[in-house]
Amino acid sequence: MSALGGAVVTGAGQGLGREIALRLARRGYAVHVTDRDLRLAKETVDLAGERAWASALDVRDYEGCRTAAEQAVERAGRLDLWVNNAGILITGPMWDRPMDVWEQVLEVNAIGTLHGVGAALEQMRPTKRGHIVNIASLAGLSAVPGEAVYAASKHAVVGLSGSTLADLRRAGLKDIHISVICPDGMWTPMLYDRLEEDEAAMSFSGTLLQPSQVADLVERVVDKPRPITSAPSWRGGLARVGSASPAFALAALPAVHKMGRVQQRRLAKKLNRTG
Ligand SMILES: NC(=O)c1ccc[n+]([C@@H]2O[C@H](COP(=O)([O-])OP(=O)(O)OC[C@H]3O[C@@H](n4cnc5c(N)ncnc54)[C@H](O)[C@@H]3O)[C@@H](O)[C@H]2O)c1
């Protein structure tokens, strides 16, 4: 058995998930690269090298998540790390979207993460060690006009993570960790087609991150588990202030949204010039 065991990454076919899978492979983990799109997962494996392998996994399928964890144990001897990264973004006021869309966002982002946590803990609790990294969002810490259903799903991820971590400690399991990362808007395929979309403006209202910057933070918590990390930290601080003081947030959010629109237009112009 190698020093580093198995790692499972969900939604690892593109964007942040691919970047995380590549970093973990470089570190020596045997990486189970999973995505609902097997073709994309295989492309990631082609870049990750021989210790990585690909599977189709839709995180809405709990049995599929359990099998993914079992396979990592079979291949690598144990499951060291599970990264719940798969996610989808639907924008617009909730009343403008049908119920099946609300459910889809919650099923992938919130229940999908529950499935990942459940599958990972099934392997980690008997060995009393392991680490789960959940990719939430700043939308998990504050109100986000235009992204309400998404924000609901990411608040669920943050709540689940901190509460389960506390339950693990209560159960005496001090070597199983849960770290949550809450990134600001990030330039990945999730946002590529949203430069004209007013409802997505909040994703552009801060400093647009590159997936490599968020993957740096994932590597940092892999080395040193941390219950919650915002990126960038100043926006996380603002989100927390807004959440502690909802009247202040309500007054400030229209200006923040406007700023997002300005930055969307700036980026669109820049891309038109260079592209
Ligand atoms: N891009 C952003 O602005 C941003 C900001 C904060 C947080 N996040 C979060 O980061 C994570 C990664 O997002 P990204 O920006 O790389 O998005 P992305 O759309 O570029 O990639 C998401 C990946 O997840 C996969 N996926 C979608 N639904 C799935 C399902 N049901 N089961 C398994 N795989 C599924 C997709 O096939 C895709 O490969 C998500 O959880 C997202 O919510 C993104």
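**View 1. The crossing of helices H4 and H5 is right-handed, a term for a near helix turned clockwise from the far one by less than a right angle, anticlockwise being left-handed.** In this predicted model, local features need pLDDT of at least 70 and side-chain atom pairs count only at pLDDT 80 or more, while totals for chains, interfaces and linings use all residues. Residues are numbered from 1 along each chain as its sequence is written. The axes of H4 and H5 (residues 148-170) come within 8 Å and cross at roughly 15°, which makes H4 roughly parallel to H5 (angles under 35 degrees). Among the H4 residues that meet H5 are Trp102, Leu106 and Val117, and the H5 residues in this contact include Tyr150, Lys154 and Leu160 (C-beta atoms, placed from the backbone, within 7 Å). The contact residues divide into twelve nonpolar, four polar and one charged.

**View 2. Lysine 128 lies in the loop between helix H4 (99-127) and strand S5 (130-135).** Its phi is near 60°, a positive value in a residue other than glycine. Because lysine 128 has 13 C-beta neighbours inside 10 Å, this residue counts as partly exposed, the class between buried (20 or more) and exposed (12 or fewer).

**View 3. The peptide bond from alanine 231 to proline 232 is cis, with omega near -10°.** Proline 232 is placed in the loop between strand S7 (228-231) and helix H8 (233-244). Confidence in the chain is lowest in H8, at a mean pLDDT of 94, and highest in S5, at 99, on a scale from 0 to 100.

Key: Helix = DSSP H or I, 4+ residues; strand = E, 2+ residues; numbered from the N terminus. pLDDT = per-residue confidence, 0-100. Axes fitted to C-alpha atoms, helices over the stretch in contact; angles between N-to-C directions. Parallel < 35°, antiparallel > 145°, perpendicular 65-115°, else oblique. Contact = placed C-beta atoms within 7 Å. Nonpolar A, V, L, I, M, F, W, Y, C, P; charged D, E, K, R; others polar.
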